[in-house]
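Thanks for coming, everyone. Please take a look at the model on the screen, and I will walk you through it.

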Amino acid sequence: MPEEPKQTNPHIKKVSRPKRRVGLWTYIISIVVALGIGVGGTYWLIGRQVNAQLSSMQQTSKAMKKIESVYETINENYYKPVNANKLANGAINGMVNSLGDKFSEYMDKSETESLNDTIDSSFSGIGAQVQKSGNYVQIISPIAGTPAKKAGLKPKDIIKAVNGKSVAGKTLTQAVSMMRGKIGTTVKLTIERSGQTFTVSLKRAKIPVTTVDYKLVGGDKKIGYITVSTFSTNTAKEFKTALKALDKKGAKKLVIDMRGNPGGLMTAALKMASIFLKNGKTIMQVQARDGSTEKYTASKKYDGGFKETKPTTVLIDGGSASAAEIFSAALHQSAGVKLVGSQSYGKGTVQTVTTFNDKTEMKITVAKWLTPNGTWINKKGLTPDVKADEPSYASLTVISKVSDLQADKVNSNVKTFQKYLQALGYFKGTVNGYFGDSTTSAVKQYQKHAKLTVNGKVDKQTLTKIETELANKISDNDRAYDAAMKLIEKDELVQS
């Protein structure tokens, strides 16, 4: 979604105003965790607020009269006829926007359909989870195997424009709609990363719905390596299948990779975390506005009686958010599992959705979610036990124009290209953005190595080869993965 994966949760039922959608779930759209509280929890939350609501009824009545007065004044006196629905939607948007909360949003019919697509995890787009960031849109994480990932987009990249049109002031769903389109069509994004702005073209594709991948690694150590890209409708089922398959292959230990996972359905996170926890252990807590909390604990209700006791470690990074953080925190604090990598994203609020009769919806933040020990990680994230960051060249920007890479030119793309060559060991000069003799010489060295025409000129084929080799180097120098493997191989690592 964000561009986001979108999914329809069979547990979610749409109800007319003013009831809330119930069931445990999360949004992938801004996303981040959008946790709907269960039926009992919903009424519990509402019940605890009754007295406060009664005491504020007078104030609310006064405010509503003012809103009604403004509505009537505009409707009856504006110099030309106005659309009643447009006025009403404007008033609702204004109230929601006044909260100053990027996770609270009023959605019109088309935006609601977009959100439902997100919850369904079935859509055509670029495959990047995004959220609002000031006036623009920020990438939480590109999804593995998608156009966004292949194009080199990174967590925290800012999307400033789509096909040349600024997204400033657009709602998240409006921005996402601009990025989506028919499979095979091209969309151009203007990206800002670390103060540099560049343009990248992506060909829209159907975003894969398979969210879990696994394999046996570590030679005779027999370590099961599982990657989880998002938490969607079938993720818990896919995850359990992966665990059983690895067990049959003889896996003795597990490494679960949550890096780049922006979250998704809460039900999946609860089911998956429960597998690793003893019954009764806390998975997470939800704290209402009055400070009261409700605990969610491991049980057969979530895992169906299926338990995993192999020594385990979990990989996280800045793209691990919402449900991925809930899963990781649960294993870390309630099962003694070590976390490896870098600081996670930090999404710690809870949202519910109200569906109206005209098929519009309103999503607002209603509570906080806490880790098992009661910590609120919002805007802080989870701190790994073993820190292992990516090498600096792993965050290099995408080169937007091959035509910029010509002799005697000076620009940011040349500077980035010099860093590419430097990372691969071919450029020994000063990284200054000037395509001079030292850069030409480095290109010739690379072309000779890659068995290309040796002329010192950068064409599409040369650049593609360099980008592919750099991507392979990044993969081969995965410090976090190596650290996790080293940790899990220790005999003393025992799950509590």
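**Strand S18 and its partners**

Let me begin with one pair of residues. Val286 has Trp369 as its bridge partner in S18. This is a predicted model, by the way. That pair belongs to the pairing of S13 with S18, which run antiparallel and are joined by three bridges.

S18 has other partners too. Strand S17, residues 349-355, is joined to S18 by seven bridges, and the two run antiparallel. Within S18, Thr365 is the bridge partner of Gln351. S17 and S18 form a hairpin with five residues between the strands, and Lys359 takes a positive phi near 70° there.

Then there is strand S1, residues 105-107. S1 pairs with S18 in the antiparallel sense, over three bridges. Look for Tyr106: it stands opposite Met362 in S18.

How much of S18 is buried? Seven of its ten residues are, so S18 is largely enclosed by the rest of the structure.

**Helix H8**

Next stop, helix H8, residues 266-274. H8 is mostly covered, with eight of its nine residues buried. Among them are Met266, Leu270 and Ser274.

What covers the buried residues of H8? The list includes strands S11, S13 and S14, and helices H7, H9 and H10.

Let us take H7. The axes of H7 and H8 come within 8 Å and cross at roughly 25°. The two helices are therefore roughly parallel to each other. Where do they touch? On the H7 side, Thr235, Ala236 and Phe239 meet Ala268, Lys271 and Met272 of H8. By type, the residues of this contact are four nonpolar, one polar and one charged.

**The nonpolar core**

Keep Phe239 in mind. The largest nonpolar core has 48 residues, and those touching the most other members are Phe239, Met258, Phe276 and Phe327. Elements giving two or more residues to this core include H7, H8, S13 and S18. The largest share, eight residues, comes from H10.

Now zoom in on Phe327. Neighbours within four places in sequence aside, Phe327 is in contact with Phe231, Phe239, Ile256, Met258, Ala269, Met272, Ala273, Phe276 and Val314. Ala269, Met272 and Ala273 are among the buried residues of H8.

**The six-stranded sheet**

On to the open sheet. Six strands form it, in the order S10-S11-S12-S15-S16-S19, with mixed pairing. S10 and S19 stand at the edges, each with a single partner strand, so one side of each is left without a neighbour in the sheet.

Inside the sheet, S11 and S12 run parallel, joined by five bridges. There, Thr227 has Asp257 in S12 as its bridge partner. H10 packs on this sheet, touching S12, S15 and S16. The direction of H10 makes about 145° with that of S15.

Last item: helix H12, residues 437-449, and helix H13, residues 460-476. Their axes come within 11 Å and cross at roughly 80°. That makes H12 roughly perpendicular to H13.

Which residues make the contact? From H12 we have Tyr446, Gln447 and His449, and from H13 we have Thr462, Lys465, Ile466 and Glu469. By type, these residues divide into two nonpolar, three polar and two charged.

Definitions and conventions: Residues are numbered from 1 along each chain as its sequence is written. This is a predicted model: local features need pLDDT of at least 70, side-chain atom pairs count only at pLDDT 80 or more; totals for chains, interfaces and linings use all residues. Side-chain values use heavy atoms; hydrogens and water are left out. Buried means under 20% relative accessible area, exposed over 50%, partly exposed in between (1.4 Å probe, protein chains only). Helices (H or I, at least four residues) and strands (E, at least two) are DSSP runs, numbered from the N terminus. Contact means heavy atoms within 4.5 Å. Axes are lines fitted to C-alpha atoms, for helices over the stretch in contact, and angles run from 0 to 180 degrees between N-to-C directions. Angles under 35 degrees count as roughly parallel, over 145 as roughly antiparallel, 65 to 115 as roughly perpendicular and the rest as oblique. Ala, Val, Leu, Ile, Met, Phe, Trp, Tyr, Cys and Pro count as nonpolar, Asp, Glu, Lys and Arg as charged, and the others, Gly among them, as polar. A nonpolar core is a set of buried Ala, Val, Leu, Ile, Met, Phe, Trp, Tyr and Cys residues joined through side-chain atoms within 4.5 Å. Two strands pair if DSSP finds at least two bridges between them.
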